[in-house]
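Subject: Structure handover

Hi,

As promised, here is the structure for you to open alongside this note. Below it I have written up what I found.

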Amino acid sequence: MKILGIETSCDETASSVIDISKNNKITLMSNVIASSLVLHAKTGGIIPEVAARDQISHIIPVISQALEQAGVPNGQDIDAIAITYGPGLIGSLLVGVETAKTLSFAWNKPLIPVNHLYGHIYANWIDTPSLRANENEHGNDILPEFPAIALIVSGGHTDLVLMKSHKETVWLGGTRDDAAGEAFDKIGRILGLEYPAGPMIEELAKSGNAKTYLLPRPLKYDKSFDFSFSGLKTAALREIQKFSPPTSQKSLTTQTISDIARDVQDAIIDVLVYKTMNAAKTYKVKSIILGGGVAANLTLREEFLVQCSLFKVKFFAPPKNLCVDNAAMIATAAVFQGAETPWEELTADPELYFD
Ligand code: KG4
Ligand code: ZN
């Protein structure tokens with residue numbers, strides 16, 4: 001069985017075909033992503049109207065390419081269409097949702113709406129050679145076991161979810177203000193880095209000295225499973241301002257930027273790992289699952305690996321190309337959680353969250 005996935009919730013236009021074998025093994029047949037990052041790097045962030053207009057020009061070529069690369073150039077040969085219907089930017093979501101509805105009608109194929117946030121979790125169920133490579137002693141043929149704690153860390157979200165089974169999930173907490181990726185991006189912007197700044201901060205942190213600046217760990221010891229990163233951003237801003245004239249004669253050197261990057265990354269990782277491990281211990285889970293763009297951060301993955309082997313919990317994180325927004329994760333989420341919906345009944349829901 002083959003599912004065509006479509007994802008346009010933010011700035012990417014993505015399409016993918018996955019093949020599902022009888023025992024629910026998910027094989028990636030194609031994974032095409034057109035990014036409009038270059039446009040957003042110029043403006044230091046995403047302008048929704050610009051993103052949606054760009055996606056309109058990409059959507060059909062991206063779907064055609066995904067079908068061709070999967071060896072099913074004729075859309076009639078797929079079995080279902082999975083589509084992200086929220087959360088996200090309304091203009092962007094509409095590009096994908098309306099295209100998927102049209103294809104469902106034209107090809108007479110079932111349409112399966114998917115919550116983007118669950119998509120990030122299900123990137124961990126795709127069987128790719130690089131999945132969990134070098135990270136997990138239990139190899140890449142083993143899937144997450146329930147109960148599990150999923151941490152979704154992206155530019156828009158930081159959420160902890162308890163998964164008792166595929167269909168039984170409980171949202172434990174999320175960010176009260178900025179998401180972890182947003183904190184990386186906003187602090188990066190103050191430092192003069194290009195959007196999105198997460199990967200650059202990770203790179204700079206490698207040559208940064210730890211504990212140069214005493215940055216806060218907001219809500220780390222709070223009883224809730226909530227997060228908060230805006231205070232960290234303000235604290236970083238205050239440190240950076242100390243290097244701006246007329247306050248200071250000192251200038252922001254590459255070493256200073258690296259030191260700040262290191263402390264920012266350490267603070268974010270410290271809170272994410274501590275609270276996730278706390279949730280894992282509280283609910284006595286067997287697996288910890290990471291998803292979202294920030295999950296591409298190697299230091300974060302390494303820290304999780306250390307903690308997970310210490311507490312005998314299995315750790316899962318997708319390969320880097322499946323951490324960022326993609327349509328393969330959407331098609332995979334449709335396999336385990338999706339419910340067919342008639343195309344006439346589907347509307348985009350930008351405010352969609354966890355149930
Ligand atoms: O999941 P994603 O592609 O889009 C959203 O749904 O938000 O995540 C993008 C976010 C950005 O904030 C970006 O800075 C962050 O993921 N990111 C990283 C890294 N790679 C991407 N953050 C830290 N370290 C990285 N290596
Ligand atoms: Zn995302």
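Let me begin with the ligand. A backbone N or O atom of glycine 198 sits 3.1 Å from an oxygen atom of ligand 1. Overall, the protein covers 89% of the 550 Å² of accessible area that ligand 1 has on its own. Before you read further, please keep in mind that this is a predicted model.

Two other contacts belong with that one. At glycine 155, a backbone N or O atom lies 2.8 Å from an oxygen atom of ligand 1. Histidine 120 uses its side chain instead: one of its polar side-chain atoms is 3.4 Å from an oxygen atom of the ligand. There are 20 residues around ligand 1, and those that come nearest are Gly155, Asp185, Glu202, Gly293 and Asn297.

Next, the strands. Have a look at S8, which spans residues 158-163: six of its six residues are buried, so this strand is largely enclosed by the rest of the structure. In a regular strand, side chains alternate between the two faces of the sheet.

S8 has a partner on either hand in the pairing. With S7 (residues 148-153) it pairs in the antiparallel sense over six bridges, and the two strands form a hairpin with four residues between them. With S9 (residues 169-174) the pairing is again antiparallel, over five bridges, and here the hairpin has five residues between its strands.

Now for the charged pairs. The structure holds 15 salt bridges, and I picked out a few to show you.

Glutamate 49 and arginine 53 form a salt bridge whose closest N and O atoms are 2.7 Å apart. Both residues lie in helix H2 (residues 48-69), four residues apart, which is about one turn of the helix. Is each of them exposed or only partly exposed? Glutamate 49 counts as partly exposed at 48% relative accessibility, while arginine 53 is exposed at 58%.

Another salt bridge joins aspartate 222 to arginine 176, with the closest N and O atoms 3.8 Å apart. Aspartate 222 is in the loop between helices H6 (198-205) and H7 (230-241), and arginine 176 is in the loop between S9 and helix H5 (180-190), so the pair ties together parts that are 46 residues apart in sequence. Aspartate 222 is partly exposed, at 30% relative accessibility.

Aspartate 270 and arginine 217 make a further salt bridge, the closest N and O atoms being 2.9 Å apart. This pair also links distant parts of the chain: aspartate 270 belongs to helix H8 (residues 254-282) and arginine 217 to the loop between H6 and H7, 53 residues apart. Both partners are partly exposed, aspartate 270 at 23% and arginine 217 at 32%. Finally, Asp178, Glu182, Lys186 and Lys233 are joined into one network by salt bridges that share partners.

Happy browsing, and do write back with any questions.

Best wishes

Key. Residues numbered from 1 in each chain as written. Chains lettered and ligands numbered in written order. Predicted model: local features only at pLDDT ≥ 70, side-chain atom pairs only at ≥ 80, totals over all residues. Heavy atoms only, no water. Buried < 20%, exposed > 50% of the residue type's maximum accessible area, 1.4 Å probe, protein only. Pairing = 2+ DSSP bridges. Salt bridge = Lys/Arg side-chain N within 4 Å of Asp/Glu carboxyl O. Near = heavy atom within 4 Å. Polar contact = N/O pair within 3.5 Å; in protein donor to acceptor, adjacent residues only side chain to side chain. Areas by Shrake-Rupley, 256 points an atom, 1.4 Å probe, with all protein chains shown as cover.
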